[in-house]
Amino acid sequence: MSEFAFELELCAHLESRNEGILARQLGASVADPGGRILDVVRIEPTSSFEERAAITCEAIPDAAIESDVGTGRTRYWKEAFGDDCHPDHARRATERACEIGFFESERRNGREYVRQVARYPEWVDRIVGIENKPDLGRPGNLESQLRTDVCLALVDEAILATESYVTRAHLNRIPKEVGIWRVHHEGSADPDDESAIRIEVVREPTPLPVDEPGIEPLESHPGRTEVAVVSPAKKARTRRRLAERAYGKGWRTYEFPACAACFPTDVDDRGATLPHCDWNDRIVDVAAECGPACPGYDPADAPTVDLEAERDRRTPWQANPDGRRRRQSGLDRFG
Ligand code: SF4
């Protein structure tokens, strides 16, 4: 199975078990943004989650959360950001926070004053990072990725998910703190489980020290690796940003092709509507595989699938929280 299909099916399965907020392909490094991308992120929320969901369906910019804009009286926006926040960045954060309904603004004497519509709650309890490697025979740089997760300890738990049989040699090579799941496709023992997946826990993860300084490997040279020491405060901000991005983005960030061979899967069978190609008889990564260059391509209208409505229906995420502005469809969907 391709890594793409494996990832979507795993997300659908975890979602069917109500395991928090799930998202795919999010940056999880601090000193070198983009240096480490997690395949799947699972946010386990606190009891304040509903307060967060009531604010906006979008990711809230971290600069807006970190600013001195409170819920009481309005403040002149320029005076609400610290010296470490560039004015352009502060302006963008203010505009975005107003657009998504986290700030409300008013003009007085030609100046814009802003206020938070609601207090920002501590809604993130734990963050789990899942690395997908269906075939351990083609590991790529799996070991160094997992070692980064363990040394940096940005997430509370790191897990490797695979379809391969996990040998003793694999167990010895994979950092011992990393949990290992073997994903079976012969079906779940639970009759209420809609997805045909069963997860065998080969090794439980060890909780990582998220409140302590982390070591982030940067560039490797022969015989040495440059590293950055990351403070707990920086990690905390990156965790919050990661959780916000996960909330705004989710995992249904795939497309459906304008091809007659594509038949979306039944949400009740697979836990999600996925792009299944009858010509290939498998889930396809449309952005990478579909188009006139594909020998099975048969031009047609793309299927009409509302993934946002599906997410709203099947998860705790709210597309249109009460009393907030309605999301404009399509905007920043993949941001
Ligand atoms: S373009 Fe090719 S891979 Fe994509 S749905 Fe059509 S036949 Fe399948």
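Reply: Around the ligand lie 13 residues, of which Cys259, Cys277, Cys290, Cys294 and Gly296 come nearest, where a residue is near if its C-beta atom, placed from the backbone, lies within 6 Å of the molecule. This is a predicted model, in which local features need pLDDT of at least 70 and side-chain atom pairs count only at pLDDT 80 or more, while totals for chains, interfaces and linings use all residues. Residues are numbered from 1 along each chain as its sequence is written. By class, the shell holds 10 nonpolar, two polar and one charged residues, with Ala, Val, Leu, Ile, Met, Phe, Trp, Tyr, Cys and Pro taken as nonpolar, Asp, Glu, Lys and Arg as charged, and the others, Gly among them, as polar.

Turning to the rest of the protein chain, there are 10 helices and 13 strands, which are DSSP runs (H or I of at least four residues, and E of at least two) numbered from the N terminus. Helix α7 covers residues 232-249, and because its 18 residues should span 26 Å at 1.5 Å a residue, the 25 Å between its end C-alpha atoms agrees; the expected span is 1.5 Å times one less than the number of residues. Among the buried residues of α7 are Arg239, Leu242, Ala243 and Tyr247, buried meaning 20 or more other C-beta atoms within 10 Å of the residue's own (12 or fewer is exposed, in between partly exposed). Just after α7, glycine 250 takes a positive phi of about 65°. Over the protein chain, 36% of the 335 residues count as buried.
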